[in-house]
Every structure is written in C-alpha cells, then in structure tokens.
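Visitor: I would like to learn how to read the features of a protein model, one at a time. Could you take me through this one?

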Amino acid sequence: MTMTAAKSNQRFLANLYRELKPRRLRTFYEWCQEELVIPDGPYKGMRFNSDRQPYTKLIMQEVGKWRRHVFTGPTQSGKSLTAFVAIIMWHLFERGENVICGVPVGDMVKNKWLNDIRPAIMASRYRSLLPKKGAGSQGGTPTEIHFLNGATLIFMTGGGGDKGRAGATAPVVVITETDGMDEIGGTSREADKITQLEVRTNAYQATGLDRIYMECTVSLDEGRTWQEYINSTASRIMCQCPHCGVWQCPGRENLVGWQGAESKMEAGRLAKFACTEPDCGECWSDEERLSMNMSAKLVHAGQEITPDGTVTGTPVDTDTFGGRWDAWNNMFTSPQRIGEMEWEAEQSEDAEALQLKMKQFIWALPAEDLNTEKVPISVGIVRGSDKRYQGRCSGIKRGEVPHGSHPLTCFIDISMRVLQWSIEVKVDKRIHVVDYGFHETPHPEVIGDEAAIEAGLHELCPMIYEKYPLISLGLIDCGNWREKILNIVPALDGPWMPSHGLSNYKHPENNNSKVQTAKVKIPIDGNRHYHTSKDGAIWVVNFDPDALKHRVHSGFLIKPETEYGFAPGCITLPGNDPLEHTEYAKQVAAEEFRSVFKEGKGVKKEWFKTRRHNHMLDGCVGNMVARMVVATHELTKRNARPRIYGVISKQ
C-alpha cells in the first residue's frame, strides 16, 4: 500500500469513527449560543448572545426539562425567535425530531414560515438541509416540509375539521399565538384545539420524549396563555436591589417619575426604574438595571429566595414550566421610551384601549390583572344596577332575617351629629345586609359632642336590640371618643362591645411579655385582637380596617347570581329596587386603594377617600369583625376554654 493510499484510508476510518461515535446532544441553551444566528434587526447576521437579553438564559435553561412549556413576554423582546423559532430548529436539527407547528389559521402558516422560520434557518449553517424541491423549497404555503436530515416540520391550524389535525403524530408540538386557538371546535366531539394538537404526541409519552411548547402575548386573564401560566411553575425572574439588597420581581409599579409630567418628552426624561421596597426607594441606573438582570435568579412557585440569593423550597407539583418576562427584563427598550408610552396612554382620548395595550404588549399582563381587583368598585356594582351584578337585591324584605342564618351582627359608626348603623347576617356562605340607617344625635351644638353621642346611643341601641333580639354581637366604634365610648358601653343593655379601627394597626405577638401583662388576647385571625380598658373592666376589639376593606370590596365584586343560586362569598341587599340603596352604595364605594411612590421611601399603598362619607364601608368592615369575634367565642366554648368576651352588662 502506498503512503498516499494509507493516509486516505486513515482519513476514511477517522471519518467513519466520527460518524459512528454517539454524539452528545447539546442543551437548548448551549445550542442557541453556538448555532443560532440573528436573521434580522440591529444584530442581523450576528450569533445569538444571551448577554444582550439576560432573561433568555434563565428561560432557555428550562427548555426540555419539562414536558410542557408556556412562554409570554412583551413584543419586540425576542420572544418569537427564542420561544418559537429556535425551539423548532433545535428539535429539527440538533435532535432530528419531527415537529408539529400549531398556528390559529391557515393564512398564518405562510407568514410564519417565510417571515420567521425560514429566514432563521437561512441565516444558520442548517440552510443546506432545506429541501431542494417541493414544499418549503420556494414560496407558497407549505403543509409539510421534509428536511434533508430526515426531520419533518408539519403545520396544523385551529381551523378546519378534526381530520386535518388527526392525521400526523410527532414527539414535539410548538404552538404560536396560543390564545388564537383557545376555543372549542364547533362540530368536534374532542376537546379544544390545543388539546387536540397535544394528543398528537401521545405515542411518544412512554419514551419520555414528548414535549409541548406554547408561546403567545397574553390577552385576557381567562385566556389560555394566562391560565396556563398561573397553573404552571409561574416562574418569576428575581433581581436584587443593589441599594437595599432585597430580592424582588420588578414590574410596572417600579417605573416611576413619568406620572404628572406635562409632556411626552418630559415623561421620558423623568422615567426611571426604582426600588419600591419600604425605606429604600432608590432609583436604578441603566447600568444597575443591566447588572441586576445579568445576576437574576429564576424562582418557581413554591420556592423562595434567601437574602444571599439561594433558591430554596420545592417547586409546585406540575409538568408545565411557565416562563414570563416583562419590560423591566427587555433590554431592547429603555425606561425613557416606556415612560413616553405610559404618558401617551394616560393622555389619550381612548386611554382604556391604550392602557390595555400597555399591559399586554409591554408588561406581559392580562387585560384583568389577577393581583388586583378585577373591576373597580362602583355604585352600580354595589347596589346591583350594573347588569353584570343583577341579583344583588335579594327580594328579602328589609329588616327580615332569613331563617336559619347565623350570626346576626350590628356595627355602629360614631360621628358627632349622626350614628350610622348596619346589620348583617351570614346566610349559608353569603353575607346579607338585613338593615341599615342613620340616627341623628340630639343637639350636639347645645349639649356638646360627647353628651350628644351618649344620648344618641341610649336612644339607638335599645331600638335596634328590641327590633333584632337575636343579635349575637353589636360593636360600637370608639373613633375619636375612645374613653367616652368605654364608659358608655357598660351602661347599655344587650350584647354591645366597644371596638376600635386603627389605621396603623400592629398585631401583638404571643411571646411578648408586655402583651401578656396588658391582658391582651390573641385571636386566630391576624387582623384583630382584644385589649382591656385601663382599669381592666371592659374588653375592646382593636382591628385593622385597611386590611378588611379589601375583603369587603371583594365580596361586592363577586357576581351574586349563579345557575345554582347565590354565589358563595357574595354580598346581597334587601328589597328589589337597586336605587333604594344608592346612598349606601356611594359610601361603600367611597374609598379606593392607591400606590404612591416617594423617592427614598419606596411605594406606600394606602386607602384614599373619593367621597366624603364612607360610614357604610366602615359598617361592612365592623360587621365582619363582629362575625370573627362570634366565631372565635363559639370556638372557645366548644373547646371548653375561658371565653374571651361576653355580654357586657352594667358594671
């Protein structure tokens, strides 16, 4: 054998060995860093680098670890490339697997292939694997594309009959514009169209190779994308503030400064991201924002992050990874530009529509944020004249206590001229307002405010107790007359007890020796406790009104009627005419919860009055506290423990 022939033989054997040697499959993140080339935009022709968008590293490292994946983020953040196109390419070319690509309608197939998928393949070294003829080689709308490595890309849509989705199987399904497919087939006997696509992977479940991916901008909170996300790992990208050291997941509330600007340009100049932690409130520079995102940690639901950055805890038991990022993580957009867009949305004639777009396309939030009240409380909602809340008026006569209801409670809110009172009862799992009213105090200008209040209570309390003798407990608010009310209550016949709503409420701890000597009783609920008067002669219920106002509004935001009767947790009113309760509704809706940012202090969330009178809102809170006290007392009696309150009689 000649020297040339020997060398040729060695090269052949080396190439054969290289081909036969098992190849280590790269992770999705590794593959993207080494193979993915940006097909368009300012980084066109450059290799993908996660340092440009740090969130991508955290998200990409989870791909393939879970059976199902859902991704959502703002537009123009690289979402389509990293959470749709790159995933398809990784499975086709690195893993050599067939992929089903789900799109809502047939017209979108051509657009996704020619504008998104094919350009990315052409920019990579895998362009040599494109078919030379047939589907995918030229223009047109492809249905199946057979690549030269043997892998196939199959397009399926949400339209047409079930047969169009039932003919093919593959280990991988990648769905884009997920919410556009979130509907039930009109003539289908199967499940929704996304589920129909998912079952195309059933043949591969035994091997553990089946993978589902869904990518979409969020729409409504009832939409498939958001529902999939909140029921998945719901993973958060946590960043550490360089000033206070607190780990947090920055969002829309962290963009400050633009509010109140007189022009779009001024809003942009003033806009900045800032820490909203109490006692911090420091603004973050662009360099700090990038550094915080570079060192971010991914935390799944069920996990926590310690101050030193250690992620602890066990993720929720799910097979679905939920990846979400927002404008804070989008390094392609500056706080200045976001501030300008926020200002434009606020000033627009169609502000509601633009605010919706800001939430969905910039902040990756649904139309109705699950972390806040879904709809603002209003007079129409409270009194039931809003069509969505018909049935608020129960048809029960005013003053009538439904049979079998318990407990019946009363709350009296004190002011110098008028005593506002309301009576509620728990009926099954809802709350019913039995009665309410306003009782004028006699001649406060002549006899003074304290004497007028005392005289008014001695008139009102017997009237209420005579009409409603089954009242379990009536609370009387101390307000600005604490010592006076503490002296009055023992002289009242009936189940009356003083209470005090404290704006800066702090719940005492059981292990505090000072608490024990002060004869404080700690109930089960953390929003109230009992304290004795100075001489120890009478118990006072202290409570946190601000925390409980949220519960009251939430009760009114539950639509009363269901096909099975009243909805659990809702609040109903007496009578049949919503207009009868207009003043009541105005007072219940007289406050709203707002966030106010103060530089150097962070965001403070507080209740603000939108109307002068809010007594009936206080009445709802007071009756809620009374029910808590009754429940605690009954629990104590059941367990034969010393009771913590009782009917207060004259001392």
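Visitor: Leaving aside its neighbours within four places in sequence, which residues is W343 in contact with?

Guide: Contact means heavy atoms within 4.5 Å. By that rule, and with neighbours within four places in sequence left aside, W343 is in contact with W258, A261, E262, S263, K264 and A267. W343 and E262 are 81 residues apart in sequence, and their C-alpha atoms are 9.1 Å apart in space. Please keep in mind that this is a predicted model, in which local features need pLDDT of at least 70 and side-chain atom pairs count only at pLDDT 80 or more, while totals for chains, interfaces and linings use all residues. Residues are numbered from 1 along each chain as its sequence is written, and side-chain values use heavy atoms, with hydrogens and water left out.

Visitor: Is W343 buried or exposed, and where is W343 found?

Guide: Buried means under 20% relative accessible area, exposed over 50%, and partly exposed in between, with a 1.4 Å probe and protein chains only. W343 has a relative accessible area of 15% and is therefore buried. W343 is found in helix α11, where helices are DSSP runs of H or I with at least four residues, strands are runs of E with at least two, and both are numbered from the N terminus. Other buried residues of α11 include P335, I338, G339 and M341, and the elements that cover the buried residues of α11 include β9 (255–256), α9 (264–270), β10 (272–274), α10 (286–294) and α12.

Visitor: How do the axes of α11 and α12 cross?

Guide: Axes are lines fitted to C-alpha atoms, for helices over the stretch in contact, and angles run from 0 to 180 degrees between N-to-C directions. Angles under 35 degrees count as roughly parallel, over 145 as roughly antiparallel, 65 to 115 as roughly perpendicular and the rest as oblique. The axes of α11 (residues 335–347) and α12 (residues 351–362) come within 7 Å and cross at roughly 150°, so the two helices are roughly antiparallel to each other. The contact joins I338, M341, E342, E344, A345 and E346 in α11 to A351, L354, Q355, M358 and I362 in α12. The buried residues of α12 are M358, K359, Q360 and I362, and α12 is followed by A364, whose phi is positive, near 55°.

Visitor: Which two helices are roughly perpendicular to each other?

Guide: Helix α2 (residues 28–35) and helix α4 (residues 79–94) have axes that come within 10 Å and cross at roughly 95°, and α2 and α4 are therefore roughly perpendicular to each other. Their contact is made by F28, W31 and C32 of α2 together with T82, A86, I87, M89, W90 and E94 of α4.

Visitor: In a strand, which residues does S499 touch?

Guide: S499 is found in strand β20 (residues 496–501). Not counting residues up to four places away in sequence, S499 touches F411, L475, I476, D477, C478, V540, V541 and F543. S499 counts as buried because its relative accessibility is 0%, and its C-alpha atom is separated by 9.2 Å from that of I485, 14 residues apart along the chain.

Visitor: What do the helices and strands of the protein come to, and what share of its residues is buried?

Guide: The secondary structure comes to 20 helices and 27 strands, and buried residues make up 50% of the 651 residues in the protein. Among contacts between residues at least 6 apart in sequence, 65% join residues at least 24 apart.
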